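I opened the model to look up salt bridges, backbone angles, a surface patch and a pocket. My entries follow.

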Amino acid sequence: MIPAYAGPTARLVATTALVAVAVAASMLALTALVLPGDWVRTGLVGIALVAGTTGLTRVLLERRARRRRRDDTAGGSVVPTLVGAAVAAWYVLSRYGAPTSEAQLFVGPDGVGRVLERLGDAGEIIRSEVAPVPGTLPIALLTVGGTLAVLLLADALAGGLRWPAAVGLPLLALWSPPLVLVGSVPPAVFVVVVAALLLLLSVGAGERRRPGNERPPAAVRRAEGARSVVTTAVALVVALAAGLVAAASSTLPGYAGAWYQSFTTTGDTIQLSEDLDVLSSLTERSDEVVLTYTGVEDDVGPLRTYTATAFDGRRWQRGEERDGRPLAPDELLWPDDLGSVALQDRQDLSITVGSLRDDQLPVTLEPRRVDAGGTWGYDPLRDEVVGDRTDVGDVYTLGVRSRDLDPDLLRGAGPGVTEDAYLTVPENEHSQEVAALAAEVTADSDTAYDQAVALQRWLRDPATFTYSTQLPRGSTGDPVWDFLQHRTGYCVQFATTMSVMARTLGIPTRLGVGFLPGEAVEDAEGDVTRWQVTGQDSHAWPELYFEGVGWVRFEPTPATQTGTAPDYTAAEVDAPADAVAPQEVPPPAAEQPEPQEQTAAPTEPPVAVGPEPADTLPVWAWAALAAGLLVGAGATAFLLLRRRRGTDPVDAERAWQQVVAALAREGVALPAPTTPRQAPRAVMDAVTRARGKAPAPEVHDDLTILAQAVEQARYARPEEADESLTDQEEGPEQPDLAEVAARVRQRLADRS
């Protein structure tokens, strides 16, 4: 980044700036967990203030040590960090220790108490909320204060202890939360941090003392300047290439999203993931109670939180957030006209929220009335109740009017006419094979209902498919086709495969995500008093649309995990003998669509056609990667060629050894006790005795220049060498020692 012969001040400034850039970029990775806001600006200002303070202090201490001709600058390792810590403490107290959100210039003991109290509030928010959380005062205090602590440690390692290679360790404190909880950091953050760390290594690697009378020749200075530019370019290229390689590897079948999930842990709160990756194995799920409900003796079927329509070949996504229309407690919520479909008597459920933190209410799959208070609304397009975020202890009621469904009704209804999005199948090299297999499985079926039942029967057959939370590694890039080959998976794979196959048959399909009915909890007398749903009961299933009936749930996941199939399919499909009722399933066996404590909201809207296969890197990415590798190879070749051409600077010792070697070839040797100051006269006398003729007077002048440089390099203190060089740089152009040594060798070889 800077020439190898740059002074200590330039190196200290460059080191401080690079550390600040790396820490600032790492702080921005936290925006995956904390919604961007004023805390980002506050953090950047704090980084600039603290880094500027430590850097300025370290430069002043370094110059003071040189003026006193001392080599002991240990104070520079501790004092700048202490000064920076004092500034950071004042900044945090002034910003977050004030009675209000307004910063105050003067701080006192009361501010310390408020900071400690707000840190406790931040811990409570972390335990009870799911990411991303708003950047409230306690959370902002935690992020900004933690960032400044990381900055102080990184600056002490790089600028004080001169261990630039260790700077990456404290940065992990800022990288770990988004990596563990979300699984990624923004690509720009990765590139900037890696480039800064590589440049930081180059700044430290090139540092060396310069002999007092030695100044690099003009050619060497130009070469060093070019080398600093090349170093910077190579660092950026390496960082970009690493980011592209990481992006490419994340698209490989069976790899994406899998590594970080092993770190995912359960906690006090649960939120269902809204970005379901069909390639990912199932992670550990929480045993926390999501909700409980009373009012019924038998289960009411799954409770759905949301529906997903867009499948891009790998992930189900909900798209942009939508506001629901206001709802009335006596309004029967259903997206379609029920027409002549008979409804059963109303069942009233009282539901109490436990650890669920979501902005959709779990509701039944059948027409229902909802009385939840607050600002909840109804989205008929997705058949969701959306609005406030649920909190522990919330109570709402459902008045359920189930449809009277039976095989004859569904067989006569036929597939309904809906939006094209419900029929979209991602195009890839295996889409035709999936469609052909769906046609083969349903070859004996005449109606859409019979086709759906045939698909359900085929997928639930334990002799054909195996339920497992750990997926075998795929090889085709199409997760649906991979599942149809290894035939092992959990609810997301079963539901996705049936949805895609049904769409190829022209049956509108969407994905439902929520919870199985849970387990009945009995009182001491053996009477069922309530139903309990935990994170282990989370589930996904396909919903198919029938004309005049609406959306109907099917259950392709094996019976050992979900119990018997829905009653309206029982006429055609008998549950396997080993099937058990949902409430009898032990908690660890229930499947889920990756409920996590923290999950980012999707950013992509539903699309009609998905992108290219997941294992294919875009053409632009391959082109950029190839260009980066070519630039890196060219830069390496450039440096090698420059080195072969002898552009490395020749110091005083090397130049003197060249002269001594030339004398030895002439049979001339200097006495052992000869000092550099005695060497010019000793060489002249030795050559005169050997040849009988004195060398040219210019030889003595050049030998004197070399001898003085050697004497300065060997015996002067480093501070004197630096000051001597500074004085020389301010004076006339200094001779090139390599050229001086070459002249001496040439004149000694001239015997005329």
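**Salt bridges**

I started with Arg41 and Asp38, whose side chains meet in a salt bridge at 3.2 Å, N to O. I count a salt bridge when a side-chain nitrogen of Lys or Arg lies within 4 Å of a carboxyl oxygen of Asp or Glu. Arg41 and Asp38 are 3 residues apart in helix H2 (residues 38-67), so about one helical turn separates them. Helices (H or I, at least four residues) and strands (E, at least two) are DSSP runs, numbered from the N terminus. Arg41 is exposed at 51% relative accessibility, while Asp38 is partly exposed at 48%. I call a residue buried under 20% relative accessible area, exposed over 50%, and partly exposed in between (1.4 Å probe, protein chains only).

A note on the source: this is a predicted model, where local features need pLDDT of at least 70 and side-chain atom pairs count only at pLDDT 80 or more, while totals for chains, interfaces and linings use all residues. Residues are numbered from 1 along each chain as its sequence is written, and side-chain values use heavy atoms, with hydrogens and water left out.

Next I looked up Arg58. Its salt bridge partner is Asp155, with the closest N and O atoms 3.0 Å apart. This pair links distant parts of the chain: Arg58 sits in helix H2 and Asp155 in helix H5, 97 residues apart. Both Arg58 and Asp155 are buried.

I then took Asp348 and Arg346. Their side chains form a salt bridge at 3.0 Å, N to O. Asp348 is partly exposed at 43% relative accessible area, and Arg346 is partly exposed at 47%.

How many salt bridges does the rule give? The count comes to 18. I also noted a network of salt bridges that links Arg304, Arg368, Asp383, Arg510 and Glu543.

**Positive phi**

Asp383 came up again here. It is not a glycine, yet its phi is positive, about 55 degrees. I found Asp383 in the loop between strand E11 (377-379) and strand E12 (384-386). Is Asp383 buried or exposed? At 2% relative accessibility, Asp383 counts as buried.

Arg162 is another entry under this heading. Its phi is near 60 degrees, a positive value in a residue other than glycine. Arg162 lies in the loop between helix H5 (137-160) and helix H6 (168-181). Arg162 is partly exposed, with a relative accessible area of 38%.

**Surface patch**

Which residues form the nonpolar patch on the surface? I listed Leu49, Trp90, Leu105, Phe106 and Val107, with about 500 Å² of accessible area together. Patch members have over 30% relative accessible area and no salt bridge; like charges are joined within 9 Å, and nonpolar side chains (Val, Leu, Ile, Met, Phe, Trp, Tyr) within 5 Å. Areas come from the Shrake-Rupley method with a 1.4 Å probe; for residues, only the protein chains shown count as cover.

I checked Phe106 on its own. It sits in the loop between helix H3 (75-96) and helix H4 (109-128). Phe106 is exposed, with a relative accessible area of 70%.

**Second largest pocket**

The second largest pocket has a volume of about 820 Å³. Of the 29 residues that line it, Asp299, Val300, Gly301, Asp567 and Tyr568 are the closest to its centre. A pocket here is an open set of points on a 1 Å grid over the protein atoms alone, where a 1.4 Å probe fits, with protein on both sides within 12 Å along at least five of seven lines; lining residues have an atom within 4 Å of a point. Volume is the space filled by probe spheres set on the points, which are joined across faces, edges and corners.

I sorted the lining of the second largest pocket by class: 12 nonpolar, 8 polar and 9 charged residues. Ala, Val, Leu, Ile, Met, Phe, Trp, Tyr, Cys and Pro count as nonpolar, Asp, Glu, Lys and Arg as charged, and the others, Gly among them, as polar.

**Buried positions**

Tyr396 is in strand E13 (residues 395-400) and is buried at 2% relative accessibility. Tyr396 and Asp371 are 25 residues apart in sequence and 5.7 Å apart in space, C-alpha to C-alpha.

Ala502 is in helix H13 (residues 491-504) and is buried at 0%. Between Ala502 and Ala448 I noted 54 residues in sequence and 8.8 Å in space, C-alpha to C-alpha.
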